[in-house]
Amino acid sequence: MAELSRQHGDALPFDRLAIIGIGLIGSSIALAARRFALARRVVLFDISEEVRREAALLGLGDEIASSFAECVRDADVVIICVPVGACGAVAAEIAPHLRQGAIVSDVGSVKSAVIKSVVECLPAHARFVPAHPVAGTENSGPASGFPSLFVNRWCILTPPHGADADAVSRIRAFWEGVGANVEIMSADHHDLVLAVTSHLPHLIAYNIVGTADDLQSVTQSEVIKFSAGGFRDFTRIAASDPTMWRDVFLHNKDAVLEVLARFNEDLSALARAIRWGEGDKLFELFSRTRAIRRGIVSQGQETAEPDFGRRKL
Ligand code: NAP
């Protein structure tokens with residue numbers, strides 16, 4: 001890892017790293033860039049004055065800029081860390097201030113829509129490398145970041161056709177430097193894969209917690225009082241940032257609706273199996289899914305602890 005391997009006097013991969021959006025991901029990148037010595041100077045900007053104040057108090061980065069222009073001026077790399085629906089507007093704000101050959105990247109959970117909105121705003125001399133670190137928590141805001149968030153997690157790069165090879169390899173090196181494993185794929189493929197592995201599970205969690213809340217026959221206090229492990233795990237996911245997830249669903253509409261249709265069919269098949277007492281069908285599915293869980297744990301993407309090791313009380 002960079003922290004262990006970088007020798008005193010080695011050139012840092014980036015000179016001036018600019019981060020726009022100081023939430024969970026932006027603050028984690030700032031902390032990780034410093035921990036793993038990946039940039040000489042880290043400068044951050046957020047549209048919210050309150051967030052900028054908090055980031056300054058937390059000592060995130062070397063400088064909290066007071067405008068888009070001030071943040072990206074002279075930056076050799078800019079990482080956009082705002083909700084996907086705001087990426088295009090941010091690209092338009094920074095475009096006139098980017099230095100010649102600046103690398104622009106992002107961390108959006110949806111790729112095709114972000115690429116479309118960003119590319120049309122950037123100047124021809126900027127080099128865009130879209131990225132998505134598949135790492136996160138249900139928390140948001142500048143105080144929620146931590147430098148090891150990306151260690152042993154995947155970061156997917158979706159460079160458009162003809163993307164600058166040097167820029168792609170530098171962004172790849174950056175993510176490897178913060179401890180992530182990097183994979184490259186097309187934006188459309190990313191959006192379909194993530195619709196299955198991330199977006200649909202969030203939609204189900206939001207729905208199940210909403211349904212439990214709406215059920216008139218069970219009071220809310222009983223839902224909370226008797227929340228068993230299954231329901232509790234859904235509430236953790238359903239506590240994720242509403243703005244971020246609203247934008248994910250609106251900007252990955254086609255892929256989400258496609259996997260949701262398939263999910264609904266499978267759910268109907270399960271309902272039929274329950275109705276007709278087809279225990280073998282249920283048992284076969286539950287055995288298959290148990291093996292998937294064990295595979296995820298054995299690949300180090302999750303812990304086997306009952307609370308997923310997320311809270312040490
Ligand atoms: P977050 O904690 O809510 O932070 C986003 C920050 O961006 C907020 O401080 C927000 O300010 C600010 N912002 C919004 N619009 C802006 C604009 N136009 N210009 C400048 N700043 C702006 O969100 P996050 O979890 O870090 O997510 C950021 C991005 O990472 C999203 O695209 C998301 O899809 C992606 N991502 C998230 C996760 C995850 O698990 N959270 C994982 C991987 C990737 P306000 O609060 O004032 O709106």
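Predicted model: local features only at pLDDT ≥ 70, side-chain atom pairs only at ≥ 80, totals over all residues.
Residues are numbered from 1 along each chain as its sequence is written, and side-chain values use heavy atoms, with hydrogens and water left out.

**The two domains**

- The protein chain splits into domain 1 (3-185) and domain 2 (189-298), with bounds that come from an automatic or database domain assignment.
- Taken over C-alpha atoms, the centres of domain 1 and domain 2 are 31 Å apart.
- Where they meet, 15 residues of domain 1 are in contact with 15 residues of domain 2; contact means heavy atoms within 4.5 Å.
- How big is an interface? The answer is often given as the accessible area lost when the parts come together.
- Here domain 1 and domain 2 bury about 1,300 Å² between them, and 68% of that is on carbon and sulfur atoms. Buried area is the accessible area (1.4 Å probe) that two parts lose on being put together, summed over both.
- The interface of domain 1 and domain 2 also has seven residue pairs in polar contact, both residues at pLDDT 80 or more. A polar contact is a pair of N or O atoms within 3.5 Å; within protein, one must be able to donate a hydrogen and the other to accept it, and residues adjacent in sequence count only if both atoms are side-chain atoms.
- One salt bridge is found across the interface of domain 1 and domain 2.

**Salt bridges**

- How many salt bridges does the whole structure hold? A search finds 15, each one a side-chain nitrogen of Lys or Arg within 4 Å of a carboxyl oxygen of Asp or Glu.
- Glu278, our opening residue, pairs with Lys281, and their closest N and O atoms are 3.3 Å apart.
- The side chains of Glu138 and Arg236 form another salt bridge, at 3.4 Å from N to O.
- Asp76 and Arg170 meet in a salt bridge too, at 3.8 Å from N to O. This pair ties together distant parts of the chain, 94 residues apart: Asp76 is in the loop between helix H4 (68-72) and strand S4 (77-80), while Arg170 is in helix H7 (residues 165-177). Helices (H or I, at least four residues) and strands (E, at least two) are DSSP runs, numbered from the N terminus.
- Buried or partly exposed? Asp76 is buried at 9% relative accessibility, whereas Arg170 is partly exposed at 25%.

**Around Arg16**

- Arg16 lies in strand S1 (residues 14-20) and is buried, with a relative accessible area of 12%.
- Salt bridges link Arg16, Arg41 and Glu63 into a network.
- Leaving out residues up to four places away in sequence, Arg16 touches several others, including Val43, Cys71 and Asp76.

- In H11, the residues Trp245, Asp247, Val248 and Phe249 are buried, and what covers them includes helix H8 (187-214) and helix H12 (253-275).
- What caps the N-terminal end of H11? Asp241 does, with a side-chain oxygen 3.3 Å from the backbone nitrogen of Thr243.
- The structure has five aromatic pairs. Rings of Phe, Tyr and Trp (its six-membered ring) pair if their centres lie within 6.5 Å; planes under 30 degrees apart count as stacked, over 60 as edge-to-face and the rest as tilted.
- Trp245 and Phe249 make a tilted pair, 5.8 Å centre to centre with 45 degrees between the planes.
- Trp245 and Phe249 are four residues apart in helix H11 (residues 242-251), so about one helical turn separates them. An α-helix has 3.6 residues a turn, so residues three or four places apart point the same way.
- Phe14, Phe150, Phe174 and Trp175 are joined into a cluster by ring pairs.

Definitions and conventions: Buried < 20%, exposed > 50% of the residue type's maximum accessible area, 1.4 Å probe, protein only.
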